[in-house]
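Work through the exercises below with the sequence and the structure in view. Each task is followed by a solution in steps.

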Amino acid sequence: MTSANKPFSETDLKNAFEKVDNFKNFFQKTTENNLVELIQKISGEDNKKKSFLVFKNNKYMTVKTEDIAFIYINYTSPTMVTFKGEHFDLSQSLDQLASQLSGKDFFRLNRPTDDKLLIGKEKTAQFLSWLEDR
């Protein structure tokens, strides 16, 4: 009689089921991670800048995008303002900056002033929708 015709032991069955569970868990985790990466690639969010190199007080430093409160036009060039109240002049245009920032985290308004952020009537509904999705 060959070994293929012998009955399975309880240990053999437990080991086989453990392997199946391990494979199932592996593929579920891998699929979830791949889906997140795929969604980021499709939305273009993973291509967005995570930080900006800025120059102030005769030195270069890095500002993470998560630390940026807003960017506004100061006379003719954009100025970045952090949540800590730091101001950095930027050399890129506002259009260039907008294309480098995540639409999930940043919304382009008409203009900020010292005490208010102004939104044009045509962008109000779009802005409110953006706030709800955050």
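Two strands count as paired if DSSP finds at least two bridges between them. The model used here is predicted.

**Exercise 1. The sheet**

Task: Determine in which order the strands form an open sheet, and in which sense they pair.

Solution. 

Step 1. Take strand 3 (residues 68-74) and strand 4. Six bridges link them in the antiparallel sense, which meets the requirement of at least two. Among the facing residues, isoleucine 68 is opposite threonine 82 in strand 4, and tyrosine 72 is opposite threonine 79 in strand 4.

Step 2. Look at the connection. Strand 3 and strand 4 make a hairpin with two residues between them. Tyrosine 75, in the turn, has a positive phi of about 65 degrees.

Step 3. Go on to strand 5 (residues 87-89), which runs antiparallel to strand 4 and is joined to strand 4 by three bridges. Methionine 80 has phenylalanine 88 in strand 5 as its bridge partner. Strand 4 and strand 5 also form a hairpin, here with four residues between them, and glycine 85 in the turn has a positive phi of about 90 degrees.

Step 4. Assemble the pairs. The three strands give an open sheet in the order 3-4-5, with antiparallel pairing. Strand 3 and strand 5 each have a single partner strand and stand at the edges, so one side of each lacks a neighbour in the sheet. On average, neighbouring strands of this sheet are turned by 25 degrees against each other, direction ignored.

Step 5. Check the burial of strand 4 (residues 77-82): five of its six residues are buried, and the strand is mostly covered.

**Exercise 2. Aromatic pairs**

Task: A search of the whole structure finds three aromatic pairs. Classify the pair of phenylalanine 55 and tyrosine 60, then the pair of phenylalanine 127 and tryptophan 130.

Solution. 

Step 1. For phenylalanine 55 and tyrosine 60, the ring centres are 4.7 Å apart and the planes stand at 55 degrees. Planes under 30 degrees apart count as stacked and those over 60 as edge-to-face, so this pair is tilted.

Step 2. Phenylalanine 55 is partly exposed at 44% relative accessible area, whereas tyrosine 60 is exposed at 60%.

Step 3. For phenylalanine 127 and tryptophan 130, the centres are 5.7 Å apart and the planes are at 25 degrees, so the pair is stacked. Both residues lie in helix 3 (residues 121-132), three residues apart, which separates them by about one helical turn.

Step 4. Phenylalanine 127 is buried at 15% relative accessibility, and tryptophan 130 is buried with a relative accessible area of 15%.

**Exercise 3. Charges**

Task: Find which charged ends sit over the rings of phenylalanine 52 and phenylalanine 88, and which residues form the one salt bridge found in the whole structure.

Solution. 

Step 1. Lysine 49 places its charged end over the ring of phenylalanine 52, 5.0 Å from the ring centre.

Step 2. Over the ring of phenylalanine 88 sits the charged end of lysine 56, 5.4 Å from the centre. Phenylalanine 88 is also the bridge partner of methionine 80.

Step 3. The salt bridge joins glutamate 10 to lysine 14, with the closest N and O atoms 3.3 Å apart. The cut-off is 4 Å.

Step 4. Glutamate 10 and lysine 14 are four residues apart in helix 1 (residues 10-43), a separation of about one helical turn. Glutamate 10 is exposed at 56% relative accessibility, and lysine 14 is partly exposed at 48%.

Note on methods: Residues numbered from 1 in each chain as written. Predicted model: local features only at pLDDT ≥ 70, side-chain atom pairs only at ≥ 80, totals over all residues. Heavy atoms only, no water. Phe/Tyr/Trp six-rings, centres within 6.5 Å; stacked < 30°, edge-to-face > 60°. Buried < 20%, exposed > 50% of the residue type's maximum accessible area, 1.4 Å probe, protein only. Lys NZ or Arg CZ within 6 Å of the ring centre and 35° of its normal. Axes fitted to C-alpha atoms, helices over the stretch in contact; angles between N-to-C directions. Salt bridge = Lys/Arg side-chain N within 4 Å of Asp/Glu carboxyl O.
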